[in-house]
Amino acid sequence: MSAEIEALCRFFAAVNRNDMQAMANEFDPSVVRVEPPGFPTSGTYRGTAAVQEQVARGRATWAEGTCEPEEFFEKGNKVVVYLHVRVRLK
């Protein structure tokens, strides 16, 4: 498993336990997260603080839930993650 995939596994584990500080521990300061149109927090978020805020805002709508990575696809400097998301909203 590559270092990038290991970091993503730690990212989703931190999201699942609602630990926003641990979630961002390994982010590059220039991280960019894109949430697709149609999602409650859709948009492009740049930088560690913006990504932490976006994930925390989305996670705050959960009464309970998890994001479990099922597959990772790496090509060059990009990684795509297929997730199984189970969420019960507040």
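Is F73 buried, partly exposed or exposed, and at what relative accessibility? F73 has 38% relative accessibility, which lies between the limits of 20% for buried and 50% for exposed, so F73 counts as partly exposed.

## Model and confidence

The structure is a predicted model. The protein chain has a mean pLDDT of 92, and 100% of its residues reach 70 or more. Of the elements in the chain, strand 2 (residues 43-46) has the highest mean pLDDT, 96. The lowest mean, 90, belongs to helix 2.

## Nonpolar core

The largest nonpolar core has 13 residues. The members that touch the most other members are F11, V15, M23, V51 and V55. At least two residues of this core come from each of helix 1, helix 2 (20-23), helix 3 (48-59) and strand 3 (62-75). Helix 1 supplies the largest share, four residues.

V15 shows how these parts of the chain meet. Leaving aside residues up to four places away in sequence, V15 touches M20, M23, V55, R59 and W62. Two of these partners, M23 and V55, are themselves listed with V15 among the core residues that touch the most other members.

## Aromatic pairs

Three aromatic pairs are found in a search of the whole structure. In one of them, the ring centres of F11 and F12 are 4.8 Å apart and the planes stand at 80°; this angle is over 60 degrees, so the pair is edge-to-face. F73 and Y82 also form an edge-to-face pair, with 5.1 Å from centre to centre and 65° between the planes.

F11 and F12 are both buried. F73, at 38% relative accessibility, is partly exposed. Y82 is also partly exposed, because its relative accessibility of 47% falls between 20% and 50%. F11 and F12 belong to one aromatic cluster together with F27.

## N16 at the end of helix 1

Helix 1 covers residues 3-16, and N16 is part of it. A polar atom of the N16 side chain lies 2.7 Å from the backbone nitrogen of C67.

Not counting residues up to four places away in sequence, the contacts of N16 are R59, G65, T66, C67 and E68.

Conventions. Residues numbered from 1 in each chain as written. Heavy atoms only, no water. Polar contact = N/O pair within 3.5 Å; in protein donor to acceptor, adjacent residues only side chain to side chain. Contact = heavy atoms within 4.5 Å. Core = buried A, V, L, I, M, F, W, Y, C linked by side-chain atoms within 4.5 Å. Buried < 20%, exposed > 50% of the residue type's maximum accessible area, 1.4 Å probe, protein only. Phe/Tyr/Trp six-rings, centres within 6.5 Å; stacked < 30°, edge-to-face > 60°. pLDDT = per-residue confidence, 0-100.
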